[in-house]
Every structure is written in C-alpha cells, then in structure tokens.
Amino acid sequence: MPDLKPLGEEPDPFASRTEAPLRPSPRRMERAARPRKPLLRRILFWILKAVLAFLAVSIGMVAIYKFVPPPITWTQIGDIIGGHGATKRWMSLDRIDPNMPRAAIAAEDARFCTHDGFDFTAIEQAYARNQKGGRIRGGSTISQQTAKNVFLFQGGGYARKALEAYFTVLIENIWGKRRIMEVYLNVAETGIGTYGVNAGAMRYFKHDASRLSPREAAQIAAVLPLPKKRAGIDPRGFTRRYGNAISARIGTVRGDGLDSCLR
C-alpha cells in the first residue's frame with residue numbers, strides 16, 4: 001500500500017524559482033565593480049578621439065582632392081543660398097593658357113615656386129604697409145588661399161587662420177605646386193557666382209581659358225582679391241591700373257623663371 005503524505009507537505013516544484021534571489025551576470029558584476037573614470041579623464045578621452053577623427057578625415061580629403069576636383073566649397077554654397085548660383089568650368093592646368101598662372105603669380109604670390117606655403121617676407125612687408133595706413137594688403141600665399149577656398153570659409157578670425165595653416169601644410173606636402181595652382185585657378189572666385197578662370201574667361205571674353213592674352217589674364221587676376229566688387233568687364237580706376245601692372249609683370253615672371261615649378 002503506497003505511503004500517503006499529508007496534504008500540504010508535497011514540495012512545490014516552482015518554489016526555488018520564486019524564492020531564490022536574482023543574481024546579476026558575472027559580466028554585469030565585473031562592470032559594476034570596475035571604478036568609473038574621472039570626468040576630466042573621460043572628457044580628454046573624447047577630445048582625443050575627436051582630434052584623431054578630424055586628422056583622419058582632413059588628410060583623407062586632401063589625398064582624394066589630389067586626383068579629384070573638389071565638388072563644392074563653402075563659398076559656393078553661400079552664393080547658391082544667396083541666390084547667385086555657382087557657375088564653374090573645371091579645366092586642367094595643362095590646358096589653361098600659361099599667361100593665367102603667370103598672372104596669378106605676378107598678382108598674388110611672386111615667390112610661389114620657392115616658398116613652402118608661407119611667405120614670411122611678404123607677411124612682414126604687408127604688415128609694415130598696413131601700419132602706415134591706406135589700402136590694406138594681406139600676405140597670404142596662393143597655397144594659403146587655396147587651402148581656405150577649398151576646405152574652409154571666409155572670415156572666422158584666428159581659429160580659421162590656424163586651420164588654414166594646417167591645410168596649407170597638408171596640400172604643400174601631398175599635392176605639390178602644380179596641383180595647388182590647378183585647384184586655385186579652378187576654385188577661386190572670379191565674379192559674383194563665377195568660380196575658376198575658365199568660367200571667368202567665358203563670362204568676360206566669351207571664350208575659354210585655353211587661350212588668354214596677357215591683358216585678359218591680367219584682367220582676371222586683378223579681380224581675384226575682391227571678385228564681388230571689382231569689374232572684370234571694362235574695369236576702371238584702381239582695377240584697371242592694377243590689371244595693367246600685372247600684364248607688364250607677366251613677362252618678368254616668365255623671363256625670371258618664377259613659374260619654373262609649373263613647367
């Protein structure tokens with residue numbers, strides 16, 4: 001005869017599940033026991049990650065643009081938002097008339113082929129002239145202007161200048177002089193909503209930049225510093241005198257070999 005157990009004495013098969021306390025997983029216990037990093041250390045860690053990410057992206061962009069034309073710049077975006085549009089016609093340096101880079105060197109950067117991106121003599125001379133008053137002159141090289149035009153924005157003070165110097169070092173070492181000049185002549189603003197000397201030549205002279213007389217090249221170069229204020233067609237006053245001076249210096253650039261790095 002089977003043993004009869006009193007009612008209520010039969011063990012509950014679910015008792016162990018309901019009564020035993022839940023224990024966290026070993027991984028969670030290890031994470032909870034790990035001391036938290038101080039706030040300052042965590043902030044520095046994220047700053048370091050941001051700096052490394054910026055370096056990787058910026059160097060990658062410069063490396064890509066050595067072979068690929070920059071698709072758009074911040075200045076072009078500004079003109080598009082402002083309703084002016086952005087007309088551009090990329091042309092390789094091999095096809096651009098040599099008078100144009102010579103005019104750019106004569107107007108903007110006589111030591112372009114010999115400096116490493118920064119012309120400290122020109123900076124000192126510009127500072128001395130500006131201290132005397134009159135027309136403000138800058139000491140930026142073509143390399144610096146290219147770095148600003150492609151990767152940065154207008155204005156911005158010292159922070160932008162620091163980034164400009166950084167990108168100038170990159171393009172000088174990764175691109176070289178010919179590529180810098182090629183990109184400069186294709187992204188520089190040559191009129192309101194007009195970018196590059198080829199688009200400028202089409203706008204002002206109704207032909208492309210593969211054939212530019214010294215006067216035409218000088219006329220475009222005279223517009224470059226203030227393209228939204230200086231006339232590329234029938235220039236007058238200072239712009240006309242400046243264009244004539246640039247035209248006269250084109251022969252000097254060629255004769256003295258100041259464009260030797262582009263040949």
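Modeller: The model is predicted. Leaving aside neighbours within four places in sequence, T194 is in contact with T87, A188, E189, A199, G200 and R203.

Colleague: Is T194 buried or exposed?

Modeller: T194 lies in strand β3, residues 194–195. Buried means under 20% relative accessible area. Because the relative accessibility of T194 is 5%, this residue counts as buried.

Colleague: Which residue has a side chain joined to that of T194 by a polar contact?

Modeller: The residues in contact with T194 include A199, G200 and R203. A polar contact of 2.7 Å links the side chain of T194 to the side chain of R203.

Colleague: Why is helix α5 described as largely enclosed by the rest of the structure?

Modeller: Helix α5 covers residues 99–108. Among its buried residues are N99, R102, I105 and E108. The cover over them includes α7, α9, α10, α11 and α12.

Colleague: What span does helix α8 reach from its first C-alpha to its last?

Modeller: Helix α8 runs over residues 157–174 and has 18 residues. At 1.5 Å a residue, 26 Å is expected, and the helix comes close to this, reaching 26 Å.

Colleague: Which helices are included in what covers the buried residues of α8?

Modeller: The buried residues of α8 are R160, E164, F167, T168, L170, I171 and E172. Their cover includes α3 (39–65), α7 (142–151) and α9 (177–187).

Definitions and conventions. Residues are numbered from 1 along each chain as its sequence is written. This is a predicted model: local features need pLDDT of at least 70, side-chain atom pairs count only at pLDDT 80 or more; totals for chains, interfaces and linings use all residues. Side-chain values use heavy atoms; hydrogens and water are left out. Helices (H or I, at least four residues) and strands (E, at least two) are DSSP runs, numbered from the N terminus. The expected span of a helix is 1.5 Å times one less than its number of residues. Buried means under 20% relative accessible area, exposed over 50%, partly exposed in between (1.4 Å probe, protein chains only). Contact means heavy atoms within 4.5 Å. A polar contact is a pair of N or O atoms within 3.5 Å; within protein, one must be able to donate a hydrogen and the other to accept it, and residues adjacent in sequence count only if both atoms are side-chain atoms.
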